[in-house]
Amino acid sequence: MTVPATRTKLSDTTIIPIVNYLLLFFLIVGGISGVVAITLIYLFQDESPDWLKTHYAFQKKTFWVGILAFVPLVVLLTSPVMSSVVLGGIVLILVFALFLWIVGRCTMGFNHVFHKRPIPNPNSWLV
């Protein structure tokens with residue numbers, strides 16, 4: 001008799017952090033997905049297990065730092081600074097660096113949720 005293969009099953013408690021990481025992936029495209037993600041974080045963080053609370057803290061840091069960096073960059077993107085080749089290039093490099101930072105944090109967080117591990121240092125600025 002063969003034993004059926006066991007598969008990793010996502011529990012109900014891990015669905016919200018996974019959805020939040022997917023929403024935060026699109027934070028740089030527009031702020032609406034980030035607003036939905038931060039709302040879900042504040043709604044579900046109190047009744048979650050301790051290891052998921054580290055994910056919610058990590059997601060909050062990603063959202064707030066991403067927004068606080070994105071708003072001045074958008075102002076610079078729409079300003080006359082972009083007419084300068086050097087300054088415009090620096091602004092575009094900063095936007096790309098912010099995009100890579102958000103994608104890196106979301107990828108790392110998604111990996112930790114999938115393997116049911118807490119984030120080692122949720123208040124870190126790094127990925």
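**Labels and their grounds**

Author: In this predicted model, valine 85 is exposed, with a relative accessible area of 73%.

Reader: Why is valine 85 called exposed?

Author: The term exposed requires a relative accessible area over 50%. Valine 85 has 73%, and is therefore exposed. Valine 85 lies in helix α4, which covers residues 85–114.

Reader: What makes Val85, Val86, Leu87, Ile90 and Leu94 a patch?

Author: Nonpolar side chains with over 30% relative accessible area and no salt bridge are joined within 5 Å. These five residues form such a nonpolar patch on the surface, with about 490 Å² of accessible area together.

Reader: Why is asparagine 121 called partly exposed?

Author: Buried means under 20% and exposed means over 50%. The 46% of asparagine 121 falls in between, so the residue is partly exposed. Asparagine 121 is located in the segment after α4.

Reader: How do you know that the length of helix α2 agrees with its number of residues?

Author: Helix α2 (residues 32–44) has 13 residues, which at 1.5 Å a residue should span 18 Å; the end C-alpha atoms are 19 Å apart, so the two agree.

Reader: What makes the buried residues of α2 lie on the same side?

Author: The buried residues of α2 are Ser33, Gly34, Ala37, Ile38, Leu40 and Ile41. They cover an arc of only 160° around the axis, and therefore lie on the same side of α2. Their cover includes α1 (12–25) and α3 (50–77). Ile32 and Leu43, on the other side of α2, are exposed.

Definitions and conventions. Residues numbered from 1 in each chain as written. Predicted model: local features only at pLDDT ≥ 70, side-chain atom pairs only at ≥ 80, totals over all residues. Heavy atoms only, no water. Patch = residues over 30% accessible without salt bridge, like charges linked within 9 Å, V, L, I, M, F, W, Y side chains within 5 Å. Areas by Shrake-Rupley, 256 points an atom, 1.4 Å probe, with all protein chains shown as cover. Salt bridge = Lys/Arg side-chain N within 4 Å of Asp/Glu carboxyl O. Helix = DSSP H or I, 4+ residues; strand = E, 2+ residues; numbered from the N terminus. Buried < 20%, exposed > 50% of the residue type's maximum accessible area, 1.4 Å probe, protein only. Expected span 1.5 Å × (residues − 1). Arc of directions from axis to C-beta. Contact = heavy atoms within 4.5 Å.
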